[in-house]
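Here is a short briefing for anyone about to look at side-chain contacts and helix packing. Please have the viewer open as you read.

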Amino acid sequence: MARFELKLPKMGESVAEATIINWLKSVGDSVEMDEAILEIATDKVDSEVPTEVSGVLVEQLFAVDDVVEVGSVLAIIETEETDGSTGDQEPSNGDQEPSNDDQEPTVDDNSSEPSAEVVQAVSQPLTQVQESADLISHGSSQGRFYSPLVRNIAQQEGISQTELDAMIGSGKDGRVTKNDILAYIDQRKSSDRLNQDRPQPDAINASQFNESLNTPKAVTVSSHLGDEIIEMTRMDKLIAKHMTASVATSAHVQSFVECDVTKVWQWREGVKKSFEAREGEKLTFTPIFMEAVARALRDFPMMNISVEGDKIIKHKAINLGMAAALDDGNLIVPVIKNADQLNLVGMSKAVNDLARRARANKLTPDEIAGGTYTVTNVGNFGSIMGTPIINQPQVGILALGAIRKVPAVIETNEGDFIGIRYKMYLSHSYDHRVVNGALGGMFAKRVADYLEAWDPNREA
């Protein structure tokens, strides 16, 4: 028999840990190669972890809701194969370690009891180990659970159980996450440096510190008879945290541009059937708009940036995030990598593929990471415009409004007249810390210019 260690695989460059949300197999269950053993969740997507071998699941090393680092052993699977290289196999006869019976006794045979020095030498480290183990328990007296990672950090940094119990966690059901405890440690070290030349104050109040991290305080809402209390899902909490963090980080400002897309509308109506017959994909407006945005980002590279502290990162690649609606009403933002290098056929295939797999929850973490600019189509829901929140750490997001038939003044060489045109609004939200109003407005106008100058004779 051999023992196989099932480890948390690398799920993308930006993913360092994941939360276990469900064990699909129990201890003692038989498992087949490539069969899913458990479900995990990152701050980006949910996914399954399959096994690479067949056998019996004999041990689960983490519980549901534990936060696990990439590369950690999740479970032990016992297989029928024999593997001489595995650490769990018995050594061969030629290399067999001597048994206890073959070793010399370490205590004088004439002594019936070990000396006091031996007792002290053995008991002292055992006592220290026990004290370290008792420092941070699996849970508080109120039943609050702490993951192994959080407990280990607390022990290494000398954080007491009382301090840990006082922390306000940002995880599920208020649990303390890795980021929560690291932020607490950083704050404590900063306070120590500031006060090293002053009389030492009282110990840091963990509860007050964590309250400051979570300001503004949540408003207490009283419920009344007949009200329904709905628990936020894990995805709801992640989105809420991401949105509030973005508003607190970036100075949001908006520019609005009206765009005449009559030529685009008429061109698409004429080619969409032949395009679908030839490519096996529907031709929607989204890839057309994404192509125009990618071209505008080439013209205005300072919109294709991110902010890190006091530094601006100017991205070489144009990776367009595409907000996609899920069946539960939430949004996810898959990323089209190197979007400026795709023609319209390639853009259509990428858009449709990512949208399908987003709705089926089949996206990988890498496919929703690395975006440099985001586009969201609020017109799908009937909105004529919107003021979207920037997807951090990007500095801009463009909302596409609904296309409407409206009366408009048409300028010609023969004079002006009123006609029916297809128009829409482009709503550009950008980070005013690094993008001024001229750049933000000119970028949105350039997108509109590309759409209004659409070639009606273009081949699909």
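The notes below cover salt bridges, a helix pair and a surface patch.

This is a predicted model, in which local features need pLDDT of at least 70, side-chain atom pairs count only at pLDDT 80 or more, and totals for chains, interfaces and linings use all residues. Residues are numbered from 1 along each chain as its sequence is written, and side-chain values use heavy atoms, with hydrogens and water left out.

**Salt bridges**

- The count comes to 18 salt bridges, a salt bridge being a side-chain nitrogen of Lys or Arg within 4 Å of a carboxyl oxygen of Asp or Glu.
- One of them joins Arg356 to Glu281, with the closest N and O atoms 3.4 Å apart. This pair links distant parts of the chain, 75 residues apart: Arg356 lies in helix 9 (residues 344-359), and Glu281 in the loop between helix 7 (262-279) and helix 8. Helices (H or I, at least four residues) and strands (E, at least two) are DSSP runs numbered from the N terminus.
- Arg356 is partly exposed, with a relative accessible area of 43%, whereas Glu281 is buried at 11%. Here buried means under 20% relative accessible area, exposed over 50%, and partly exposed in between (1.4 Å probe, protein chains only).
- Glu367 pairs with Arg357 in another salt bridge, the closest N and O atoms being 2.7 Å apart. Glu367 sits in the loop between helix 9 and strand 16, and Arg357 in helix 9, 10 residues apart. Arg357 counts as partly exposed because its relative accessibility is 21%.
- Asp431 and Arg433 meet through their side chains in a salt bridge of 2.6 Å, N to O. Asp431 is buried at 0% relative accessibility, while Arg433 is partly exposed at 42%.
- Arg268, Glu269 and Lys272 are linked in a salt-bridge network.

**Helix packing**

- Helix 8 (residues 285-299) and helix 10 (residues 437-452) have axes that come within 9 Å and cross at roughly 130°. That makes helix 8 oblique to helix 10.

**Surface patch**

- A nonpolar patch on the surface is formed by Phe256, Ile384 and Met385, which together have about 250 Å² of accessible area. Patches take residues with over 30% relative accessible area and no salt bridge, joining like charges within 9 Å and nonpolar side chains (Val, Leu, Ile, Met, Phe, Trp, Tyr) within 5 Å.
- Ile384 belongs to the loop between strand 16 (373-377) and strand 17 (396-400). With 35% relative accessibility, Ile384 counts as partly exposed.

Definitions and conventions: Accessible areas come from the Shrake-Rupley method with a 1.4 Å probe; for residues, only the protein chains shown count as cover. Axes are lines fitted to C-alpha atoms, for helices over the stretch in contact, and angles run from 0 to 180 degrees between N-to-C directions. Angles under 35 degrees count as roughly parallel, over 145 as roughly antiparallel, 65 to 115 as roughly perpendicular and the rest as oblique.
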